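Hi everyone, and thanks for making time today. Let me bring the structure up on the screen so that we can walk through it together.

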Amino acid sequence: MMTEKILELRAITKTYPGVTALNGVDLMVNRGEVLGLIGENGAGKSTLMKILGGVVAPSAGSIWIDGVEHTALTVNSSTGAGIAFVHQELNLFENLDVAGNVLIGREPRFGGPLKLIDQKALRARVQPLLDRLGVDFNARALVEDLSIAQRQMVEIAKALSYDARVIIMDEPTSSLTLTETERLLEVIGELRQSGVSVIYISHRLSEVMACADRVVVLRDGQRVGALDREQITHDAMIRLMIGRSLKSLYVPPKSPPRDSGLIVEDLVTTAFSNTKVSFKIRRGEIVGLAGLVGCGRTEVAQAIFGVDPALGGRITIDGKPVKLGDVQSAIANGIYLAPEDRKRSGLVLDLPIAENITLASLPRYARMTLVDTAEEHKVAEEQGRKLKIKAPNVDTIALTLSGGNQQKIVLGKWMSMQPNVVIFDEPTRGIDVGAKSEIYALMRELADAGVAILMISSDMEEVLGVSDRMIVMHEGHVSGHLERNQFSEHNVLTLAVGGTIQQEAIQHA
């Protein structure tokens, strides 16, 4: 079968002062194929896609579209050539409805001098896109009322609205449920059948295996290999990405967990006022909190940390009560939260690494009204070394770093404060496999040091592979507990949808 080449990047190089972000990278896209583009954070994927999107110009190399050479693209020429993006970081207006976001700047309008937006026509154009994705909201829904997973689907609908020939999907499933992910992969298959090409960028290698026709791997700004469909395996991709094979995710604890730790009793959140949540996390163990998106996991985490009010219940650490709905009380008792949305809730992006790491414990570095910057830098540099934060120095602005390094800054903020309990909400969202391994090692190191770890994750491989024990939630309540020898995807999903598991099935899981 003949393939039609519609896009080609030849010897693309991009240099910044003192840094070579890309070095002679070649990339070709055929009509109606799914190309997996993988690599660790900092490998050059984002820079390459910015060049393709016309956001930045290459320092050298050429871009060929339909056999026509371009030394660089503009945003308009890229869009005009049929290239659309689904960005990892959400770019939505929360005060607008879904339809307004999907067709922003392209709204159908009435005649007359005011050129008013035709809301009926606008929603009529957008609703079929939402139906195609199988989402559970309509074109009238306000974005501010949507979950992160639902907002991600709005971004995908926006890309589909351009009727693009090439759609670049950057971590499109990072906040999606298993059902939503499966539907997205179905949509990608439908796009392929209709002749649309997809460049699929993801750290979830199982998804790349499921949908990619070819895989191209970048490392340190260079193309280090490519895999045809029959060559695509998990191990083959990892070896090319990081130059070595990864060990099994699960690392057993060095010693049995202690009896002391965090106890949550009859906790009532504002999201699920008719249900009560109770569980215990012992010092020295990693407990996974699983369930479908919207089941109340994040609400429980935020209530424990005090970000959201609790309508009832009791929390204790080592038998000592913690005041509900009070962040300062949680922090004073060593309860720390690494939030799901690090950019909105975990970082001050315009501040440097050092100030982000010390922000939560700033009084420690204050001398009257002045901050001891020397001590602040010392602590930040120590955390930077421990967490292997890749940055020129601790004065580097957080906004300029990759997602993985930004997540490490969030963790560094809490690691410097002697935690008793750390809640990791989607700790590896948008992070490459190498950085994931480092985060998992850090979690185990903390647990072995006597910290109680609660890990919320929508990544089935992660929650099964890292946890010592698991709690599963369904519609605001705990639907079941699983010990390590009871772990299986079937058991987790059965409990997550409100089912029950027979004892025999658990014993043989």
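This is a predicted model: local features need pLDDT of at least 70, side-chain atom pairs count only at pLDDT 80 or more; totals for chains, interfaces and linings use all residues.

Asp-97 makes a salt bridge to Arg-123, and their closest N and O atoms are 2.9 Å apart. Asp-97 sits in the loop between strand E6 (83-86) and helix H3 (98-102), while Arg-123 belongs to helix H4 (residues 119-133), so this pair ties together parts that are 26 residues apart in sequence. As background, side chains of opposite charge can pair when their charged atoms come close. How many salt bridges does the count come to? The total is 22.

Let me show you two others. In one of them, Lys-158 pairs with Glu-155, with 3.6 Å between the closest N and O atoms. These two residues are three apart in helix H5 (residues 148-160), which means about one helical turn separates them. Lys-158 and Glu-155 are both buried.

Next, the side chains of Asp-318 and Arg-283 form a salt bridge at 2.9 Å, N to O. Asp-318 is in the loop between strand E14 (310-317) and strand E15 (320-322), and Arg-283 is in the loop between strand E12 (277-282) and strand E13 (286-290), so parts 35 residues apart in sequence are tied together here. Asp-318 is partly exposed, at 40% relative accessibility, whereas Arg-283 is buried, at 11%. There is also a network: salt bridges with shared partners join Lys-5, Glu-8 and Arg-10.

Now, over to a sheet. Six strands make up an open sheet with mixed pairing, in the order E16-E19-E20-E13-E21-E22. Which strands are at its edges? They are strand E16 (335-338) and strand E22 (477-483), each pairing on one side only. On average, neighbouring strands in this sheet are turned by 20° against each other, ignoring direction.

Within the sheet, strand E19 (residues 421-425) and strand E20 (residues 452-456) run parallel and pair over five bridges. If you zoom in, you will find Phe-424 opposite Met-455 of E20.

Finally, two helices that pack on this sheet. Helix H14 (residues 403-415) touches E16 and E19, and its direction makes about 175° with that of E16. Helix H15 (residues 433-448) touches E13, E19 and E20, at about 150° to the direction of E20.

Technical notes:
Residues are numbered from 1 along each chain as its sequence is written. Side-chain values use heavy atoms; hydrogens and water are left out. A salt bridge is a side-chain nitrogen of Lys or Arg within 4 Å of a carboxyl oxygen of Asp or Glu. Helices (H or I, at least four residues) and strands (E, at least two) are DSSP runs, numbered from the N terminus. Buried means under 20% relative accessible area, exposed over 50%, partly exposed in between (1.4 Å probe, protein chains only). Two strands pair if DSSP finds at least two bridges between them. Axes are lines fitted to C-alpha atoms, for helices over the stretch in contact, and angles run from 0 to 180 degrees between N-to-C directions. Contact means heavy atoms within 4.5 Å.
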